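I opened my notebook next to the model and wrote down what I looked up. The entries follow in the order I made them.

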Amino acid sequence: MAAISLLNPKAEVARAAAALAVNISAAKGIQDVMRTNLGPKGTVKMLVSGAASDSFILIARASTAQDDMTGDGTTSTVLIIGELLKQADIYIADGLHPRLLAEGFDKARAKTLEILEKIKIPIEVNKENLTDIARTSLKTKVHPNLADVLTDICVDAVLAIKQENKPVDLHMVEIMEMQHKTDIDTQLIKGLVLDHGARHPDMPKRVTNAYILTCNVSMEYEKSEVNSGFFYKTAEEREKLVQAEREFIDQRVKKVIELKRKLCNGTNKNFVVLNQKGIDPMSLDMLAKEGIIALRRAKRRNMERLALACGGIALNHLDDIQESQLGFAGLVYEHVLGENKYTFVEECKVPLSVTILIKGPNKHTLTQIKDAVRDGLRAINNAIEDKALIPGAGAFELTAYNELMAFKDTVKGKSRLGTGAGAFELTAYNELMAFKDTVKGKSRLGVAAYAEALLVIPKVLATNSGFDAQDTLVKLQEESRLNPEPIGLDLTSGEAINPKEAGIFDNYIVKKQIINSCSVIASNLLLVDEIMRAGMSSLKG
Ligand SMILES: Nc1ncnc2c1ncn2[C@@H]1O[C@H](COP(=O)(O)OP(=O)(O)OP(=O)(O)O)[C@@H](O)[C@H]1O
Ligand SMILES: [Mg+2]
């Protein structure tokens, strides 16, 4: 009698084998949905939970956690969990207890992490290494020639903001969308793009060699004091007060103009004011007459980024302002798109804050590129933090299977089958592959198919690229036996390649997270021996 039914006789209970069957079929189902998503030739899918089964949610959550923690590897997570449960299904049908399988999974996990440490390639943080990892990640998200454009943009962006011995703050890479032209017009601005423009028709639209004054000082007429009656008795008094207010504001603007004249007049230098507070029409007029570009109501976040991009400091008052407090930009210009005005602040000397301006013909493209750019930036940052890369194209998975297979024979007792579930079939695989050649006719593929389920990553990469998984895997296995270096799959030719030479890499932290989460989730699903879903409450009156 299930414990729950003591509490709620109407609860539905699926026991033991039925519970396991529910979990395994859910894992298979989600794997089938996601398998065509893998690799540069994969499609794009979105996981929504909806009224899904608990195991589906558990797997989807593992995939989401993967994305939150590393920004990559979500599809591989789903595929490997599905594969682990598929293999488990076969052994449990033969009477093996799930507990032993789970123990084997855990041993395989620990061993695979050791293999990961061994296979990782330490790297210098330089443009070439970061380009490889960014390209590999981006090519799985967008079409190849856009991936190449985005790769350079992402690498240059991170290298621009990276400061010696400080972690990279990806927030200093602003991503702005502009629904305009085509996706390959996306560009990196080594500076800022503000989504508004100068508010006076006579202000210049484009200046070079510009001093940048960023401030948070009101240059507009504060009406509040004047309208409150207790300050003045007669119209003359009111007039005097208005004058005084105006004078006060004018003084502020004059300080800016004096500094501009001192620094720029007689030179090829210009002056730009970016104010977080307001600038009233009379102040704008005074600034326009001096050929100053002035923007008002700039976003607070942009004030910080302007200081990082152009140098200088954001000022809260204009008393004795001087050159050392100003930033500098080689080029400032206004760009009008439809009814939107943008101000570009470019050619900054040491831009510690940059902007990736995403262009595209429609909202969907813009969103897709934005997601891809975020993934690319994360992949680059992971590589910088890991100071290492993992050979990609399924090479890690192939190497792990070969090493796990050898490791399996050292594991005592039946739990080794569990070890094998990650790679036991590889022993079977190789033995069966040898055996297969002695079996004639179509049945030999049936034998190989049983074994090939092991190598889900290279296998799905092959199928997504239109190659026959069996033939491909046989080739890869042969190569990996003959070659000391990890061997991966060339998705164009279907042949074996050395991913290191091909520049196809994965992030170390991504693979590490996949190894840990897949074995835990698969074991949890295996060890579920009761699924209880509360029925209608019998307690209802
Ligand atoms: N050019 C390539 N040739 C061969 N394999 C590749 C290539 N580019 C990427 N891969 C492989 O594809 C796999 C990653 O594919 P993909 O990025 O679609 O899935 P994921 O990272 O698991 O999930 P997601 O990126 O959707 O979070 C990695 O194993 C990687 O080595
Ligand atoms: Mg990926």
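**Entry 1: the sheet**

I traced an open sheet of 6 strands, and its order reads β5-β10-β9-β6-β7-β8 with mixed pairing. Because β5 (192–194) and β8 (293–295) sit at the edges with a single partner strand each, one side of each has no neighbour in the sheet. From one strand to the next the twist averages 35°.

Some ground rules before I go on. This is a predicted model: local features need pLDDT of at least 70, side-chain atom pairs count only at pLDDT 80 or more, and totals for chains, interfaces and linings use all residues. Residues are numbered from 1 along each chain as its sequence is written, chains are lettered from A and ligands numbered from 1 in the order in which they are written, and side-chain values use heavy atoms, leaving out hydrogens and water.

I also noted my terms. Helices (H or I, at least four residues) and strands (E, at least two) are DSSP runs, numbered from the N terminus. Two strands pair if DSSP finds at least two bridges between them.

**Entry 2: one strand pair**

I picked β6 (residues 206–215) and β9 (residues 327–337), which pair in the antiparallel sense over 6 bridges. Y211 stands opposite F328 in β9.

**Entry 3: helices on the sheet**

Helix α9 (residues 235–264) lies across β6 and β7 (270–275), and its run makes about 150° with β7. For such angles, axes are lines fitted to C-alpha atoms, for helices over the stretch in contact, and the angles run from 0 to 180 degrees between N-to-C directions. Contact means heavy atoms within 4.5 Å.

Helix α11 (residues 300–310) packs on the sheet too, touching β5, β6, β7, β9 and β10 (340–346), at about 150° to the direction of β5. Just after α11, G311 takes a positive phi of about 85°.

**Entry 4: ligand 1**

I counted 21 residues around ligand 1 (a heavy atom within 4 Å), and D72, T74, S76, K141 and A393 come nearest. Both α4 (74–93) and α16 (456–464) supply at least two residues of this shell; the largest share, 3 residues, comes from α4.

Next I checked polar contacts to the ligand (N or O atoms within 3.5 Å). A polar side-chain atom of S76 lies 2.5 Å from an oxygen atom of ligand 1. For D506 the distance to a ligand 1 oxygen is 2.8 Å, and for T140 it is 3.2 Å.

Key
Polar contact = N/O pair within 3.5 Å; in protein donor to acceptor, adjacent residues only side chain to side chain.
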